[in-house]
Amino acid sequence: MSGQLTVRPVTRQDYEQWLPLWDGYNAFYGRSGATALAGEITQMTWSRFFDAYEPMHALVAEREGNLLGLVHYLYHRSTTAIAPSCYLQDLFTTQAARGRGVGRALVEGVYERAGQAGANRVYWLTHETNHTAMQLYDRIGERSGFVVYRKMF
């Protein structure tokens with residue numbers, strides 16, 4: 001891959017290239033076909049990136065006009081800190097971009113923006129079977145030791 005990699009905030013004009021990345025991310029986690037997210041969820045997610053009252057943000061990685069990856073993150077309060085926390089919710093790169101620094105650049109883009117926003121931590125989750133991503137995460141973050149529980153409604 002030649003050309004400069006740029007990590008930048010998503011723009012409304014990116015939708016046509018963002019959507020296949022979003023669909024790929026969801027398919028990776030089993031949300032495709034009969035289990036795909038409802039279209040309203042995708043549209044609401046997209047609209048939140050452009051609503052100044054929403055704490056949700058998106059960055060994309062671009063090279064020569066082509067989007068190679070996305071990262072979505074949000075800020076929230078914590079009972080254990082005054083500064084906001086930053087939750088990195090979604091990270092996805094094209095298959096061709098994997099292992100080429102795109103994922104790292106996207107996470108570092110979140111680190112930079114979180115620092116500018118006064119956040120004192122960035123954290124994220126991944127599935128225990130996502131060994132490829134965990135190779136990167138083990139180099140750029142630390143495992144918290146926490147186990148996640150949930151109840152779906």
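Q: What feature does UniProt place at residues 5-153?
A: The UniProt record, an unreviewed entry, gives "domain: N-acetyltransferase" for residues 5-153. UniProt positions are stated in the numbering used here, feature names are shortened, and annotations may be inferred rather than shown by experiment. The model is predicted, with local features needing pLDDT of at least 70 and side-chain atom pairs counting only at pLDDT 80 or more, while totals for chains, interfaces and linings use all residues. Residues are numbered from 1 along each chain as its sequence is written, and side-chain values use heavy atoms, leaving out hydrogens and water.

Q: What is the helix and strand content over residues 5-153?
A: The chain there is 33% helix and 29% strand, and its end C-alpha atoms are 40 Å apart. Helices (H or I, at least four residues) and strands (E, at least two) are DSSP runs, numbered from the N terminus.

Q: Why is S85 called buried?
A: Buried means under 20% relative accessible area, exposed over 50%, and partly exposed in between (1.4 Å probe, protein chains only). S85 has a relative accessible area of 2%, so S85 is buried. S85 lies in strand β4.

Q: What makes the pair S85 and R121 a polar contact?
A: A polar contact is a pair of N or O atoms within 3.5 Å; within protein, one must be able to donate a hydrogen and the other to accept it, and residues adjacent in sequence count only if both atoms are side-chain atoms. The side chains of S85 and R121 are joined at 3.2 Å.

Q: Why does R143 count as exposed?
A: The relative accessibility of R143 is 59%, so R143 counts as exposed. R143 sits in the segment after α4 (131-140).

Q: Which residues does R143 touch, not counting residues up to four places away in sequence?
A: They are M134 and D138, where contact means heavy atoms within 4.5 Å. The side chains of R143 and D138 also make a polar contact of 3.1 Å.

Q: Why is β2 (56-63) said to be largely enclosed?
A: Of the eight residues of β2, six are buried, so the rest of the structure largely encloses this strand.

Q: How many bridges join β2 to β3?
A: Eight bridges join these strands, which run antiparallel. Two strands pair if DSSP finds at least two bridges between them. In this pairing, E62 stands opposite L67 in β3. The two strands form a hairpin with two residues between them, and E64 in the turn has a positive phi of about 50 degrees. β2 is also joined to β1 (residues 5-9) by five bridges, again antiparallel.

Q: Why are the buried residues of α2 said to line one face?
A: In helix α2 (residues 39-48), the buried residues are T42, T45 and W46. They fall within an arc of 95 degrees seen down the axis, so they line one face of the helix. The arc is that of the directions from the helix axis to the C-beta atoms. These buried residues pack against α1 (15-28).

Q: Which residues have the most contacts inside the largest nonpolar core?
A: They are V71, C86, L88, L91, L106 and V110, in a core of 21 residues. A nonpolar core is a set of buried Ala, Val, Leu, Ile, Met, Phe, Trp, Tyr and Cys residues joined through side-chain atoms within 4.5 Å. The largest share, five residues, comes from α3.
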